[in-house]
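Visitor: Could you take me through this one? I'd like to hear what stands behind each label you use.

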Amino acid sequence: MINFVSLYIQNLHISAGDKPIVHGLSLEIKPGEVHAIMGPNGSGKSTLANALMGHPKYTVTKGKILIDKKDITKESADKRARAGLFLSMQYPPEIPGVSIANFLRLSAGAMRGTNQNPITFHKELSEQMKELGVDPSFASRHINLGFSGGERKRLEILQLLILNPTYAILDETDSGLDVDALKVVAEGISRFHSPKHGILLITHYNRILEYVVPDFVHIMSGGEIVKSGGKDLAKEIEKSGYSVIARNAATAK
Ligand SMILES: Nc1ncnc2c1ncn2[C@@H]1O[C@H](COP(=O)(O)OP(=O)(O)OP(=O)(O)O)[C@@H](O)[C@H]1O
Ligand SMILES: [Mg+2]
């Protein structure tokens with residue numbers, strides 16, 4: 001029996017232009033659960049994340065995406081966001097002329113369905129920034145413009161905490177971080193993690209999974225989930241690489 005209070009991905013096929021990339025992927029993420037997706041470069045992880053969020057470059061050619069019973073397969077990206085979905089991107093864009101404070105205030109207003117009072121919102125933002133250990137001057141900078149890798153990731157976590165979506169897809173939020181920044185980001189994700197929130201964490205490393213412990217680990221290869229398991233699967237991959245999966249698949253045949 002399917003628990004429809006979830007981010008429910010059913011037999012999803014995704015293409016970019018004419019190129020099929022994801023071939024029949026199914027996954028259910030319930031509130032409270034942390035799922036990690038690992039997999040070699042080019043296996044389709046970001047494609048999945050982008051298609052879930054409704055990126056116009058990616059077409060769902062077959063299958064469905066449901067958020068808490070609502071079919072959002074054909075919805076626009078902003079409707080998906082309002083339905084409770086959030087994506088942090090592997091390569092976030094720079095947006096000159098838009099301050100972080102304004103951007104977050106407008107996005108929070110869109111998600112919450114009411115305009116946010118600038119003074120009250122500024123207080124909320126300052127508190128979250130203090131908790132995340134980011135400098136107050138950060139709020140007046142333009143989005144990602146001249147940001148270091150670590151600063152971009154902190155902004156993503158700040159966005160996550162302010163927007164407070166039901167389901168968060170985090171695409172390599174841990175890449176390129178020094179140990180201290182990794183801790184900050186991991187603590188931010190842990191603060192977000194609750195029985196009400198579902199998390200899909202795409203990562204190449206087991207490190208972050210030591211802080212944000214996954215309930216399920218899935219390995220993607222060639223546009224499919226080829227193996228699922230618990231947190232130990234991530235450790236096994238880190239130790240032995242993806243050849244383990246190829247060997248397992250060969251033995252299964
Ligand atoms: N817009 C696009 N147009 C054409 N091909 C694309 C497009 N987006 C992705 N691809 C191709 O689809 C495949 C999967 O790419 P994707 O970015 O999803 O991989 P990934 O698993 O996220 O890899 P990485 O671990 O390197 O981030 C790659 O071969 C990539 O070149
Ligand atoms: Mg990727």
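Visitor: Which residues of α1 are buried, and what makes them so?

Guide: In α1 they are K45, T47, L48, A49, N50, A51 and L52. A residue is called buried if 20 or more other C-beta atoms, placed from the backbone, lie within 10 Å of its own; with 12 or fewer it is exposed, and in between it is partly exposed. Seven of the nine residues of α1 pass that test, so this helix is largely enclosed by the rest of the structure. Just after α1, G54 has a positive phi of about 85°.

A word on the source: this is a predicted model, where local features need pLDDT of at least 70 and side-chain atom pairs count only at pLDDT 80 or more, while totals for chains, interfaces and linings use all residues. Residues are numbered from 1 along each chain as its sequence is written, chains are lettered from A and ligands numbered from 1 in the order in which they are written.

Visitor: Why are α5 and α6 called parallel?

Guide: Axes are lines fitted to C-alpha atoms, for helices over the stretch in contact, and angles run from 0 to 180 degrees between N-to-C directions. Under 35 degrees is roughly parallel, over 145 roughly antiparallel, 65 to 115 roughly perpendicular, and the rest oblique. Helix α5 (residues 149-163) and α6 pack at about 10°, axes 10 Å apart, and are therefore roughly parallel.

Visitor: And what is α3 relative to α4?

Guide: Helix α3 (residues 100-112) and helix α4 (residues 118-132) cross at roughly 105°, their axes coming within 11 Å. That makes α3 roughly perpendicular to α4. The residues that meet are A101, L104, R105 and A108 in α3, and P118, F121, H122 and L125 in α4; contact here asks for C-beta atoms, placed from the backbone, within 7 Å.

Visitor: Is T173 buried or exposed, and how do you know?

Guide: T173 has 27 other C-beta atoms within 10 Å, so it is buried. Its place is in the loop between β9 (167-171) and α6 (179-192). Beyond its neighbours within four places in sequence, T173 is in contact with S88, K153, E156 and V185. T173 and E156 are 17 residues apart along the chain, with C-alpha atoms separated by 7.7 Å.

Visitor: What about E172 and N11, buried or exposed?

Guide: E172, in that loop between β9 and α6, has 21 C-beta neighbours inside 10 Å and so counts as buried. N11, in strand β1 (residues 7-16), has 11 and so counts as exposed. Neither is a glycine, yet phi is positive in each: near 55° for E172 and near 45° for N11.

Key
Helices (H or I, at least four residues) and strands (E, at least two) are DSSP runs, numbered from the N terminus. Two residues are in contact if their C-beta atoms, placed from the backbone, lie within 7 Å.
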